[in-house]
Amino acid sequence: MTIEVKNIVKKFGAFAALDHVDLKVDQGELLALLGPSGSGKTTLLRIIAGLDWPDAGEVTIDGENALARGASERHVGFVFQHYALFRHMTVFENVAFGLRVQPRAIRKDEATIRARVKELLDLVQLGWLSSRYPSQLSGGQRQRIALARALAIEPRILLLDEPFGALDAKVRKELRQWLRSLHSEIHVTSIFVTHDQEEALEVANRVVVMDKGRIEQIGTPGEVYDQPATAFVHGFIGESIVLPVDVSGGSVRLGGRPLNIAANGAASGASKLFVRRHDMQIGPAGSGSLQGAVRHVRSFGPIQRAEVALSGGEGKTIIEIDAPRDRELQAGEIVGLEPRRYRIFAAHD
Amino acid sequence: MSLQSSLANPATELRAYGPTADLTVSPLSSRRERARPETGTAPDNPRTEPGPVRFIIIALAITFLSVFVVLPLVVVFASAFSKGIGAYLAALAEPEALAAIRLTLLVAAISVTLNLVFGVVAAWAITKFDFSGKTFLITLIDLPFSVSPVISGLVFVLLFGAQGFFGTWLQAHDIHILFAVPGIALATIFVTFPFVARALIPLMQEQGTQEEEAATSLGASGLQTFFRVTLPNIKWGLLYGVLLCNARAMGEFGAVSVVSGHIRGETNTMPLLVEILYNEYQFVASFAIASLLAMLALITLVVKSVLERRLDEGQEPRDH
């Protein structure tokens, strides 16, 4: 099932939650809507589900105008951040709900419903909980039941709103992998909303990065990480060192001193230089475009993180650099720095 | 139930309205409830007041309860049975008494049913949808609580009385509202208007709209969502509201007194008849009717505490 969103606008009072958003989701994709809170990602998801209505724009599911139908007719599975399980029903009845409320003409008989629910509970590996109530389950179990309940209606598409947001870190990690393998098993077109970049990059086939009601970039996890389209994406995904620079005629200056790097076609004017922490090469004093004094070194795992105070320029700029463990760094040491890979964006905000 | 949890409980918010309702029905419930924590929890709490202080406080509470609650109740029943059980039953079998009981039950049935429907609809609208004028509607629902019942009755006299707003028109069409059952029912509905809505709004607000959204996305229609998801979630709160609404409907005196006209055997409800009989020195008959109202209060009290426990239990799983 493909989903197409065209030119969607949604306002809450004067606040534009979605500002002319276009998006196309292909059959069988597992897409992540990634952005900070207030970026409009949940609103977009709710509009696709039919739980909210846009002020303008179109939503088509499989070429069919979805806005002509209410949520109950769209055949869309929705999983809520806080599970929204029916608290007065057992796990079994929760999963069976979507089958029991079908119009009489197409409703399955009791035996078929029971078999289907059992199958779904086995799919989420929680068959042994079928007679429990939601309040007796852990958060991770509740979310898996919520997913089974959404899948019971054989949805055309599956929408998940911060599905792991309310869970603790360890359970979240497990459920991520589990969701990915489940998706490759059932292959239903799925969109999930998250503010956790790691989650988006790890689970999704494609990532849609949103900010302030607009889509900043759409791409594979590798693309949004390695080739961020905008300053926002570079800053939001992965940790970056950001330095204010001036670009004029192809040369880049930091605090008046020219840097030994190419402008890569960046327009002249005040700009920002983005470098990933691990893309800053550390060399002996005097080498490289930048000089700095190591203030502090912390080592963990395969890297050491050095706090370096850049010399020159106005004021004191302190940056954090990730260096491999094989080059021993000392506090107080003067080092030369050279960005291996970097991007320059206009500093309009 | 600790003080903290009782504060967070929607049932407690209802209790804020309790005294208005309870005083009409019975002065028993609110006072007994306030006294309960002192007598109930003090002895087994190790970090409590010293013995003598504890004794004085408990004695004070018991004395207060006895004088203001138990004693009047005993007097009601003692006076009712002062001439023997035969006289008591005979007083209740009087046509006037039977008419009053019938009228009270009828008016309660009408007003509770209508306010049940209205209360659920209003609470549903207020908590599950966003619309302009919502705050105004909430304020309106509370209005009958803040207006003296006598004024509430007077409103209907001004509307439907002979010199009233609709008076001429009603007379021309020979429709009797004032000094007849419709007037009494209207006044009772007005006075008991907020109970069901007030019981449900905090509960439904706390429950939010997510379960309804989930039901809708699973294909449930509006009615299916209401009967399969919303109603089961609010049933204890709803019963609680209905119970208080009923107690007030049967016990209402002020508003009904203004619109009733006190026609014997026709427009006297039980509370009105109690006063009339008492003024006519028919103490046994008066207290016999009063004893029925007192029993209603006692039953209400018991059911209310059961419902409160159910409501508390209903909330508990959410705390984990």
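Modeller: A residue is called buried when its relative accessible area is under 20%, exposed when it is over 50%, and partly exposed in between, with a 1.4 Å probe and protein chains only. The model discussed here is predicted, with local features needing pLDDT of at least 70 and side-chain atom pairs pLDDT 80 or more, while totals for chains, interfaces and linings use all residues. Residues are numbered from 1 along each chain as its sequence is written, chains are lettered from A and ligands numbered from 1 in the order in which they are written, and side-chain values use heavy atoms, leaving out hydrogens and water.

Biologist: Which residues of chain B lose the most area to chain A?
Modeller: Counting heavy atoms within 4.5 Å as contact, 18 residues of chain B touch 22 residues of chain A. The buried area, that is, the accessible area (1.4 Å probe) that two parts lose on being put together, summed over both, is about 1,900 Å², with 57% of it from carbon and sulfur atoms. Together giving 33% of what the side of chain B buries, the residues that lose the most are B:Ser217, B:Leu218 and B:Arg228.

Biologist: How far apart are the closest N and O atoms of A:Arg46 and B:Glu213?
Modeller: A salt bridge here is a side-chain nitrogen of Lys or Arg within 4 Å of a carboxyl oxygen of Asp or Glu, and the rule finds 2 of them across the interface of chain B and chain A. One salt bridge pairs A:Arg46 with B:Glu213, whose closest N and O atoms lie apart by 2.6 Å.

Biologist: Which helix supplies the largest share of the side of chain B that touches chain A?
Modeller: The rule finds 5 residue pairs in polar contact across this interface, both residues at pLDDT 80 or more. Helices are DSSP runs (H or I, at least four residues), as strands are (E, at least two), numbered from the N terminus. At least two residues of this side come from each of α13 (210-217), α14 (222-251) and α17 (283-319) of chain B. The largest share, 7 residues, is from α13(B).

Biologist: What is the relative accessible area of A:Asp122?
Modeller: A:Lys118 and A:Asp122 form a salt bridge at 3.2 Å, N to O, and because they are 4 residues apart in helix α3 (residues 110-123) of chain A, about one helical turn separates them. A:Lys118 is exposed, at 52%, whereas A:Asp122 is partly exposed, with a relative accessible area of 41%.

Biologist: In which helices do A:Glu199 and A:Arg176 lie?
Modeller: These two residues, both buried, form a salt bridge with their closest N and O atoms 3.8 Å apart. The pair links distant parts of the chain, the residues being 23 apart, with A:Glu199 in α6 (residues 197-203) and A:Arg176 in α5 (residues 169-186) of chain A.

Biologist: Which elements are among those that cover the buried residues of α8(B)?
Modeller: Helix α8 (residues 134-146) of chain B has 13 residues and reaches 19 Å from first to last C-alpha, close to the 18 Å expected at 1.5 Å times one less than the number of residues. Its buried residues are B:Lys134, B:Ile141, B:Pro144 and B:Phe145. Their cover includes, from chain B, α7 (95-128), α11 (181-192) and α12 (194-207).

Biologist: Is B:Asp130 buried or exposed?
Modeller: B:Asp130 meets B:Lys134 in a salt bridge of 3.3 Å, N to O. B:Lys134 counts as buried, at 19% relative accessibility, whereas B:Asp130, with a relative accessible area of 73%, is exposed.

Conventions: Polar contact = N/O pair within 3.5 Å; in protein donor to acceptor, adjacent residues only side chain to side chain.
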